Amino acid sequence: MELRDWKPWFAAYDDPESPLAGRLAVVRDGITRALDEAAAGPIRILSLCAGEGRDVIPVVAAHPRRADVTARLIEFDPEIADVARNAAAEAGLTDQTDQSDQTGAFTVVTGDAADPANFADFGPADLLLLCGIFGNISEADISNTVARAAALTARGGTAIWTRHRREPSLVPAIHDWFAQAGFAALWESDPALPESVYVAGHRQERDPAPFSGGDKLFTFIK
Ligand SMILES: C[S@@+](CC[C@H](N)C(=O)[O-])C[C@H]1O[C@@H](n2cnc3c(N)ncnc32)[C@H](O)[C@@H]1O
């Protein structure tokens, strides 16, 4: 798979005034909310195109429910995946795995997040992260990914996604696709944020159909 070098993209996170840092704060708040509201018991988190894991790793590490979390982060670039893996290890998240059943495993997979082979075995997630994806794939692939997210998200689970709001904005269409897939809109980012930033959280209100695997969900075109 051909992929552009995404490593320089992450530098914008280090400028607290950048739109990307503003987006990260919203995503982190959404993750915190999902953990706060999660039912008692195991919490399964799946992050596709996870990057350096700057959203989920610090939030889980600081959250009282951290021991309940089993997470799989999937990132294609091996160096970026290593950054995430090291961050998870430094946060102590990789030490809590129950070796008997892998409960509490916090795993960073180096691989294609569009390939169902990398997550079909994970089971419906209580939190699905689709951040930094929808601005980089075709409209048809966004629609397809949202439709298939239905089978990846447990009833009551949250899906968080991002997309810019530049015209013609696809944000209303993406909301429609989530609704068709059984999700109710929960929250969205402040419209006062720059138009490069939009984040929303949705709750799955149906029991997920079994995930069928099959074709890739999307292809990055940027
Ligand atoms: C825009 S960044 C977003 C990273 C992260 N989700 C975030 O919001 O900080 C996109 C990331 O997706 C990764 N990526 C692109 N295509 C991928 C694929 N098919 N499978 C896994 N990772 C992919 C890139 O290497 C890059 O790290």
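I began with Glu75, where a polar side-chain atom sits 2.6 Å from an oxygen atom of the ligand; I count a polar contact as a pair of N or O atoms within 3.5 Å. I keep in mind that this is a predicted model, in which local features need pLDDT of at least 70, side-chain atom pairs count only at pLDDT 80 or more, and totals for chains, interfaces and linings use all residues. Residues are numbered from 1 along each chain as its sequence is written, and side-chain values use heavy atoms, with hydrogens and water left out.

Next I looked up Arg23, whose side chain has an N or O atom 2.8 Å from an oxygen atom of the ligand. At Cys49, a polar backbone atom is 2.7 Å from a nitrogen atom of the ligand. I then checked cover: the protein hides 98% of the 590 Å² of accessible area that the ligand has on its own (Shrake-Rupley method, 1.4 Å probe).

Finally, I turned to the fold. I found five helices and seven strands in the chain, as DSSP runs (H or I, at least four residues; E, at least two). From the N terminus on, the order is α-β-α-β-α-β-β-α-β-α-β-β. The C-alpha atoms fill a box of roughly 50 × 40 × 35 Å along the principal axes.

Key: Polar contact = N/O pair within 3.5 Å; in protein donor to acceptor, adjacent residues only side chain to side chain.
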